[in-house]
Every structure is written in structure tokens, then in C-alpha cells.
Amino acid sequence: MSGLIRFFIRKIIARFITFFVILTLTFIIPRLLPGGAFAYLVENPNIPPDLRQVLIKQFGLDKPLLDQYLAFLKQFFTTGNIGISFSRLQPVSTVIFQALPWTITLVTTSIIISALIGMLLGLYSAYRRGGYFDTISVAISMIIRSMPGFWLGMVLLIIFGYYLGWAPLFGVYTYGYQYSNILDYIGDVLYHLRLPMITLIILSIPEYLILMRNSVINILGEDFIMVAQAKGLTDREILIKHVFRPASLPILTALTIDVGFSISGAMLIERVFSIPGVGRLAYDAVYMQDYPLLLGVVIYTSALTLILVTIVEIMYSFIDPRVRLE
Amino acid sequence: MKLYERSNIKITVILFLTLLLNISIFVPPLTLYSSPQTYQLTALNYIIRNPNIVPGGTFRDPMMGEANTLNPWMYSTSWEYMVISVVYDTLTTIAPDGNVVGVLAKSFEVSKDGKTYIFHLFENATWHDGVPLTAEDVVFTYKFLRDYGNITRWKDYAPYIKDAKALDNYTVEIDLTEPYAPFLTMVASGIFIVPEHIWSNITPSQIPTYKNEHPIGSGPFIFKEHVPQQYYLLVANTKYHLGRPYIDTLIYPIISNPDAMLLALRKGEVDDVTWSVPYATVPDLLKDPNIKIWNVTELGARFMYFNCLRYPMNETLFRLAVHYSINLTEIVNLVYQGFALPGSLGRLPPILQPWANPNIPPKEVKYPFNLTKAAELLDKLGLKDVNGDGWREKPDGTPLKLVIYSPSYDPLRVRVGEILASNLKKIGLNVVHQPLEWTTLVSKLDSGDFDMLIIGGIGSQDPDILRMLFSTNGTWNSGHCSFPDLDPLLYQQAVTVDLEARKQIVWKIQEKIAEYLPLLNFVHQQFVFAYRTDKWAGWILYPLASPDNWFSLLSLYNIQLQKTNITPTAIVYTQTTTTPVATPTITPTLTTSIAPTTTAISTITTGSPTYTPILSTTTYMTATSPAPAPAPTWSIMAVIAVIILVVIIGIIVYLVRRRR
């Protein structure tokens, strides 16, 4: 048991160091840009000089770099904030915490559902390998993998949102509607979120399907499968009891990598479906040249990625105890 | 039955008033413009007021982005303006027909020397928190502008304010440091009056970053709720001094995907769209009988700067030759598919009445497309091909190579640049056309490192924009063309308060511009807005504003709630003045299909602009990306896609199975 705790602590410390490096980089990189990241603010001829002085003071741009860095770290670890968004005129953390729940809901649910579906389909595909289901599913997977995500989102929006009317065209709930109870609200949110979720799920199923298929095919060739067959177990029992668990390990590895990609992929999807998430925030921040907000988005999404990766690694250690022993 | 008569009387009154105004513009010594000039009209003359209308319903007016600040001193985007303009009131506003009319002011007068303005306020106006609005609030606002204006978006106007005094509870006197003719259109119609009891607590250093999350104004709608990146919710101000709006709830949902916004309109989930619809989708949109479109013409133009600090652009003859080598009719019809007016030689778009000079012939009449003529002019300048390489050289024999820059994000202006460059090549000028990314283009413009540069925008409701564009030190005179006899006129119009006298000067300026040609104005582009007519009626439509303008929001009523027939269902102001030379082929069919269902009062006095969300001068960056060819309908494309998909999968399956 102490080994397990040591494993957790080691993982958490490693993640924290990674996070610290990210924090430092996000502080330094914009200040290394030619003209400085705040050139927009400082050199913008449309901003009158009086206003410029006020803003420079407020954002602390007149202090030496080291002081700025220490103030930045102190502010982040005490308040969770990294500055004031130029465009929103609000603390960056306030702006991000309003948007983060929607992104977390969207990304985590879609990852879990797509991983489950992908694994089951991959299992069946490998079991019937060379069959019609296998060839068709692999072919479709290839086609989906080569589609741009926002395009698929737009197509689904036109078909299911506009022509069939099964889903709303924008938003995360009916704006301006008074809900009688919390269940109504949750139902409405699910109704609004299902199309973006389906898009994200469709987009990430193929990866899990192909990985699972390959992994299952490998395992089906192992000796212990023959033993199980010799014991007289049915195919179904073998697949569920003896193949599924070992075959899902590479999927979990893929999950850790995929979390980061899902968050960035969700950014464009959020814009297509008008979801008030972190992705749209990043898009707006780039558009408005709002560096504090953009850096905040980078810091918080990387923090989210690191947390999800750590959770997946801990799950991994339960499924395959060998990793704890290193 | 009674109500029918009433509303008819109303129409007659409005008709009569507009006619009266129409006359008054051309016959100056009428009672309306005695000296000191007194203005008696208010916004009430331009909105639908009918006691039989049953108020109610939710109007959904989508925005594409978040309004970052609701601070009336600091806003910058049109989304911010959409919220602020209905929560706060100005003293005056510019009516659909171009008159300056009162909003908070019942009437107002200008002294003869143009330095003193007196505003008589409505006595029943109150702030949303119940405090009455008095002259003290107006005085506070104008002193605020004078004292702290230099750190706000209104910094250009702050120096003109000398003092503001309350003569009594409902009369304000504003003194200017010098006569400033655009005061009524730009300042009195631009500055939102803020409540003293709230804004006096805000220190100057707080102003730039004050977000004003719960604005308290005196406007027709009360701010209720804002959920970031999702929506703004406003409710009708039932105590509004001009009468309550018939809309009960005004929702601005934020739809970040422009295509989804259009789909939502077609499905009826929103009541209008607030960005320019791609031209190619218009015919398809109009198949729905409940959707109408409205074209809004820009106040500026799509135009090209000549760099007058370089040879040969500093030669009027050269600029004239360039004018002869482009066919604006073709540009309007082929590039802009009819959604534009040909660029006027006097710069102001013809719909900007009374300022646009109707006596200046259109470019295609005065300087018609003629490459031979252009070549002759170049010969006359001494630009001849001496060494026989096919390109013209400078008179001293050195090679001449010119570059035209255009903004790469706008395919339309890139095409215009291509057409112009290829025409100039035909007459032996070595011209290269190079589209540039936006920031590079702007830095080229600012540094003056260009020969000819295509850009767009820079328009205003007030002709003072001519001074910024053409005077030697003008803010927007990026080509640095300077004409000694033009400068005095440009300054004179800015201090001439008398409308008729000012108009004469402005007309004269345009005549001179049409001779000197410091800019090549290609087109005045039109932006297409779509709105639904099955749920809301009472639209006020005019050529310089989208259908969801301030006047519409006060007049719109829900058709489904009405128990009696209400007229009018729309008031349309179109311009009856200068018609463009070549009426584009598409436009007529579109205009007929726009025609509102009922009594349209289309008397036009002076089609002047309103609703320029972004300050006085603006460079449009609106994304208008019409597809060049009409796409096949969606269903055919879907069928083809499915067939291709099935074929591909079939081939894969066949190949894989055969190998075994």
C-alpha cells in the first residue's frame, strides 16, 4: 500500500513540475516577442497617452521583469488569477471559470462515451476480423479520421438541427426561459448539448476502434486464449473476461494523449455550436489580441489536461499493477 | 373601425411632416430654420405609436460576439453598441430621413454664431432606478466629457465643450469653444447621457476599465441579465418618456457561428440577422415568404489611395488616366453582383442627402471607361515606352514600376485590384497587384510605403469626414494629396452652422474633388440584412441602417397578439434622388421582393445615415464572402456525397474480400 501512495506522490510532484514549467513559459514567451506582447496596448495610436499610462500602471507593465514574474506567481498561487483581461476588463480567472464547466462537461463525457463505444466496436471488429463489419468499420473510421471536425459539426448541424429539427441550432439552454426545477434545466442542457457531443464522439471513436482492434488481435493469438478455449469457455466469456482487460491498456495510454487533443478539438466545435466554453474564449482572445486571457486559457487548459492525465494514470495503475513497481 | 381612422391620421401626419421637411430643406427660410435655428421634431415623429397595439412578446436579435463593456464612454464594437444604445438615451438622434430630431430633448436651438446650444428636455424622463432625469444629469454628462473625455472614445469631441449649465430643471445650455457644425449629428446624437447619482462616484482613473455590468440608463429597455458568451436579456421600460416599446423582452443571444445564425433565422429561432448575409444565399433565402432582406449602403466606399508623395501618382493627369481605365458598372455587376452603388466622384454616397452633390455626374458619365483615352493621357504626361520593352518609362527614361496593394481577406477587393492592374497593363503600365494581409496593409498605409492601395470604409453621417480625408493634415489623408484651394473650404464647412450655407460649401468641395481625383472610389458596398415578417411588424427601414435599428425596436409589435388590424406594418424610407448610372441587373428584382406588405410611406427628404455603431470613422472589416457561383442545392449535394461514400466503401470491401 505504501508503494501505491509513493507512486501517487511521485506522479503528483512530476505533474506539478510540468505545470510550473508551463507557467514560466507562458510568462516569458509573450515578453520575448518583438515589440512585446503588450505592444497592442502600449503602441496602439488610438489609445490616448493618458489612458495608456493608466492602463500600464494597472497591468503592472512598468516594473522590472523579475518583479513582474514574482508578482505573477504570487498572484496565481494565492488567487488563481494571472491578471486582468484587456478586452473583458475582468480578472482572467473569473472569465475562465465561467467558461470552464461547459468545456469540462463536453470533453469528459464525450471522451468516456467514445472510448467505451470504440472499445466495444474494436473488440467485435477484431473478433470478426476480415468480415463485413470489420472491413466496413475500418473504412468508415479512415474516412472520419480524415474529416475536419468543424466541418462534420456544420454538416450535422444542418441535417439534424435545421432540416430534421431534432436539435437546437445554438446555445447551451433556451435563453430567457424560466425553469420550474433543476431537472428541467438539466434536460434542456442535455437537449442542447447532444449534437456537439455526438460530433465529438463520432470524431474520436475511430481512434479507439482501430487501437482496440489491433490490441485484441494480438491478444487473441496468445497461448492463454487457447487454454481458455480448451477449458470450454464460450467465445463471449473469453472476450469479456480474458481479452477485454488486457486489451484496454493501450487505449488508456491513448486516452492520456487524447485528452489534450480533445480540448483543442473542442475549441472549433464550440464555435460551430455557439457553446460558451474555453475554446471560444481562446478564439475571442486571439481575435481581440487579449494576451492575459489567452495565457490564462493556456494555463487552465494545461492544468485540466494534467489533472485528467493523472486520473487516467491512476486508473491505469489499478488495471495494470505492474506500472506501480517501477 | 375607429382605430383604423386614427392610424390613418397618423400616417397622414407623418406624411405631411416629412413632405414639409422635404420642402424645408430646399426652401431654407421656412419657420423651422429661422435664426437662431430651432429644431422642433422629436423621434416620436418617426416611430409607430398606436394606443391599440397590444404590447408583448420576446424579440430575439442575435449577436456574433460578446459585448465586453457596457461603459458608454469606452465601447468599441457594434455588439456593445447594440446593448448600450437601447439602455441609454442621447439628447438627439438622426432620423431615418436625415433630420436631427430630439430623444431626450423636446426641442433645441442653436445660436446664430453656432457657439451656444439650448436643449429643452422632456419632463417625464426617468432613470431605470426611478430617479427623475433632469438638466443636472445632462450638465454632468457634458462636463464629464469636457474634463475626462480625452481618455474616452469621444476624445475628438472633448475640446469643443466649453461649459454646460442648467438654465432650469429641464433646460440645458451647452457652450462650445468654437463653432462646430457636426455638433448635433456627432456629439448631441452620439454622447449617451449618464445618471449623475451613479457616475459621480467613479474616479477618472477607473473610467477606462469600468465595465458597467449593470447599466442604469434612461432608454427604452432596462438591462436585466447577462450570461457571459450566452445572452443579454433586456425588458421594456414601461415608463419610457416616448411611450413604452411594444416588445416586452429583448434577447440578444450570442451565436458565434454565422451560418448557424442564418439557419436559426430560417427556422424562426431568431427574428433577424445582424451581419451581412453572403450575396449568393439571398435568392435561396427569399424563397421563404416570411423572410425579407434589406440592403444597407455603406457611408464610406471601397476605394484606392494614390500616394501623392510619389511620381507619377502626384499628377492629376495620371490619376485621371487610372479613372479612365476602370469600368465601375462592370465592377458593380460582376464583382459585387449588384449589391453596391458605383463609387461617386464626390466621395459621399448618393444616399447621403442632402450632403451628396446631385449635380456631379457619375464616374461612368464623366470619365467613362476608355483605355485609348487613358493611353493618350499617359502619353501627354510623357510616360512613353522609349526602350521598346513594352512598358512605359518615366520622362527621364528610367523604368516605371508600380504596385497596387489590396486586403487579402476580402476576395472582392482582390478581384477589383486584379481587374484594375490588368487594364493598366493593357495600356503599357508596368503594374503589379499584390494582396496583403491586413496588419501589413495597415502598416504600409501608415508608413506611406505604397504607390496605390485599396482599402474600404471611412465614412460618416456628417460631411466633416471630407475634411479628415482630403485636408492636408487630415487624419485619413494617407495619400498626402494636398490642394491649397480645397483646405479653406474644408475648414469653412466645419464651422458653418447654417444648414443651407454648409450644404453649398460641401457641394463645392465635392465638385473640386471630382476634378482633382485624390481617391478612386470603386463602389459603395451594400450589406444585406435579413429579417422575418411573420411574427413582428412595425419595421422602420432606411438605407443606412439594419432592420433592428433604434426606431424599429421602439415600433415593433407582435402580430400574433393583436386583436385588431394594425397599420402600418412597416415604414420604408428609400432615396428618390440620384439614381446610379447603370442600375445593376439583380437589384430591381430584389427591391420588389423586399417591398413590405403594407402602407409604405416612401417619401424621402434627406436620406442621411444613422446607426454607425463604430464612432464617426470606421474601416469596415465585416466579413462578406459571397461565393462566386451559386452552389447546387443542398439535397443534390447530399445525394452525391452518399453515393460516393457507398461506392468507396463498396470498392474497399470488394478488394479486401477478394484477396482472401
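This is a predicted model: local features need pLDDT of at least 70, side-chain atom pairs count only at pLDDT 80 or more; totals for chains, interfaces and linings use all residues.
**View 1. Where chain B meets chain A.** Start with the contact between the two chains: 35 residues of chain B touch 34 residues of chain A. On the chain B side, the elements that supply two or more residues are β10 (231-236), β11 (249-253), α6 (258-267) and α19 (634-659). The largest share, five residues, belongs to α6(B).

**View 2. Helix α6(B) and its surroundings.** Here we stay with the helix that gives the largest share of chain B's side of the contact. Of the 10 residues of α6(B), seven are buried, so the helix is largely enclosed by the rest of the structure. Look for B:Ala260, B:Met261, B:Leu262, B:Leu263, B:Ala264, B:Leu265 and B:Arg266, which are the buried ones. Their packing partners come from both chains: α7 (149-163) of chain A, along with β12 (291-297) and β18 (519-532) of chain B.

**View 3. Helices α15(B) and α16(B) side by side.** Two packed helices are described by the angle between their axes and the distance between the axes. For α15 (residues 487-495) and α16 (residues 499-516) of chain B, the axes come within 9 Å and cross at roughly 155°. The pair is therefore roughly antiparallel, and the crossing is left-handed. From α15(B), B:Leu489, B:Leu490, B:Gln492 and B:Gln493 meet B:Arg502, B:Ile505, B:Val506, B:Lys508 and B:Ile509 of α16(B). Five nonpolar, two polar and two charged residues make up this contact.

Definitions and conventions. Residues are numbered from 1 along each chain as its sequence is written. Chains are lettered from A and ligands numbered from 1 in the order in which they are written. Two residues are in contact if their C-beta atoms, placed from the backbone, lie within 7 Å. Helices (H or I, at least four residues) and strands (E, at least two) are DSSP runs, numbered from the N terminus. A residue is buried if 20 or more other C-beta atoms lie within 10 Å of its own, exposed if 12 or fewer, and partly exposed in between; C-beta atoms are placed from the backbone. Axes are lines fitted to C-alpha atoms, for helices over the stretch in contact, and angles run from 0 to 180 degrees between N-to-C directions. Angles under 35 degrees count as roughly parallel, over 145 as roughly antiparallel, 65 to 115 as roughly perpendicular and the rest as oblique. A crossing is left-handed if the near helix is turned anticlockwise from the far one by less than a right angle, and right-handed if clockwise. Ala, Val, Leu, Ile, Met, Phe, Trp, Tyr, Cys and Pro count as nonpolar, Asp, Glu, Lys and Arg as charged, and the others, Gly among them, as polar.
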